[in-house]
Amino acid sequence: MVLCVFVIRYATPLENVLPPQLADCVNRLSSLASTTPPKASGSVVDINVLKDANQSAAEQIAIDNAGTVIPILNTPENVYLYCIWQFFTKTDVDLANGLIEFMVSQTDMKHLRSNPQYNHPRPNDYPRDWFPQTGFRIRREYRQLSNGERNAFHTVLRTMKTNGVYDIFAELHKGIVTTSAHGGPNFLGWHRVYLALFEEAMRRIDPSVSIPYWDSTLDMDMAKPENTVVFSPEFLGNGRGHVTTGPFANWVTPVGPLTRNIAANSSVLFTLFTKENIRMIMTRCQTRDITSPTALPEFDLDHLHGGPHRWIGGQMSGLNTAAHDPAFLLHHAFVDYIWEMFRNHQIQDCGVNPSFNYPEATGQHAPERPMDGLPGYVNIDGYQSYWTQNWYRYKRAPKCPNCGSPYLTCHPVRKVCISIERKLTPHELPSLRLGSTESLQDEARSEVAMLNIGATF
């Protein structure tokens, strides 16, 4: 170990003598080395104490990155020791699991599952102290945030991208999760838990933020949805080609630069949500009637949610890459909002308790099967009521006559809120004057084709 530290200290450049993962860790964390331990909202943990206690430094650094417990990496040697230890003992999956396990204590859930009543829960069976550490939060439509609130949200995401936590979460949405959290009833619950834990990690950095939802029906009702303000520098950045404007400009993902190609295909499979989609879902009463594989396509929320993934294109269109675009969070928050409306409809209109209306399923979607990538949870946990009782709730989607945002307007004839159009960039104007955006789409299509996206929605 001492020899390894010596080699790292005097190797120049590191990449010539170290494995890429180890060199990256040292380069990324060396800036933390100082004589003054950083401040933290939780306790300060010495890296050597963790080692002696046989605990995972990788887990602790993930906690640090989420804004909670901060290991003391106050010397270059501590950084080198940590990176060596992480390289030889941990994998990315372990690192992610450590972060998730620390986000919320699972003691109450384990105790609850030992209760014989767990399989037949009653309302409010769950512990009343089953709350997130950062408190209750309210999710609102993206355009209803004030400029300051929106900028705070963007700043937290950039912080998480810089310290690696964003990518840790994004990499959970790949591999086995493409089947165990899609194509069956666990689709709804897995993504609910994922968003809640991601949001908790955000709030460890800034407790004022929450995940906004993107109501894409507000854009679908526009004459030209591709001109929505959502894909402007003030919001998600440009929607065609490499993302070079806005808060996520020049982000790099495992498959290449963050890239999009919005509205590139006129097929019904490449569409945003419509109000008719939601109306149809609300005609059903059983969860099995809105989830794969038992729902008809026009009622299947899993099936319908793929449209916006494909409409955005780029990383968002890939099952293994979608979570690397921040649009993923906003889109899935809206999917969760639709599901929450359906759950309220079940209670009020159907006499169904959604907490145990988990459809019959076996294999990866079986209700008691552990959630992939989210340790401590089983599939049916995502269906429990404590999420929206104790963790978060949604502010109702914008409605006329007051759409509640300068970025929304009430359509004078249809009386529905729609997005305002963004200010077109200089790059867009020449092609628009020629009456076509084909050249922009061709350029974006070429850039998307350079990405190894793999399986798509």
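A disulfide is taken here as a pair of cysteine sulfur atoms within 2.5 Å. In this predicted model, the structure holds 3 such disulfides, among them the bond that joins C285 to C350 with an S to S distance of 2.0 Å. The torsion about the S-S bond of C285 and C350 is about -70°, so this disulfide is left-handed. The bond links distant parts of the chain, given that C285 is placed in the loop between α13 and α14 whereas C350 belongs to helix α15, at a separation of 65 residues. With a relative accessibility of 29%, C285 counts as partly exposed.

A further disulfide joins C400 to C410, again described by an S to S distance of 2.0 Å. For C400 and C410 the torsion about the S-S bond is about 120°, and the disulfide is therefore right-handed. C400 is located in the loop between β8 (392-394) and β9 (408-410), while C410 is part of strand β9, the two cysteines being 10 residues apart.

Because C403 lies in the loop between β8 and β9 and C417 in strand β10 (residues 417-419), the pair ties together parts that are 14 residues apart in sequence. Both C403 and C417 are buried.

Attention then turns to charged side chains. Side chains of opposite charge can pair when their charged atoms come close. Across the whole structure, a search finds 19 salt bridges. One of them is formed by the side chains of R192 and E340, with an N to O distance of 2.9 Å. Since R192 lies in helix α11 (residues 186-205) and E340 in helix α15 (residues 327-350), this pair ties together parts that are 148 residues apart in sequence. R192 is buried, as is E340.

Another salt bridge is formed between K275 and D221, whose closest N and O atoms are 2.7 Å apart. K275 lies in helix α13 (residues 275-281) and D221 in the loop between α12 (217-220) and β4 (240-242), so that the pair ties together parts that are 54 residues apart in sequence. The two partners fall into separate accessibility classes: at 35% relative accessibility K275 counts as partly exposed, whereas D221, at 12%, counts as buried.

The side chains of R260 and D325 likewise meet in a salt bridge, with 2.9 Å from N to O. R260 lies in strand β7 (residues 259-261) and D325 in the loop between α14 (301-312) and α15, and the pair therefore ties together parts that are 65 residues apart in sequence. Both R260 and D325 are buried. Beyond these individual contacts, salt bridges that share partners join R137, R139, R192, E199, E200, R204, D336, E340 and R343 into one network.

Notes
Residues are numbered from 1 along each chain as its sequence is written. This is a predicted model: local features need pLDDT of at least 70, side-chain atom pairs count only at pLDDT 80 or more; totals for chains, interfaces and linings use all residues. Side-chain values use heavy atoms; hydrogens and water are left out. A salt bridge is a side-chain nitrogen of Lys or Arg within 4 Å of a carboxyl oxygen of Asp or Glu. Helices (H or I, at least four residues) and strands (E, at least two) are DSSP runs, numbered from the N terminus. Buried means under 20% relative accessible area, exposed over 50%, partly exposed in between (1.4 Å probe, protein chains only).
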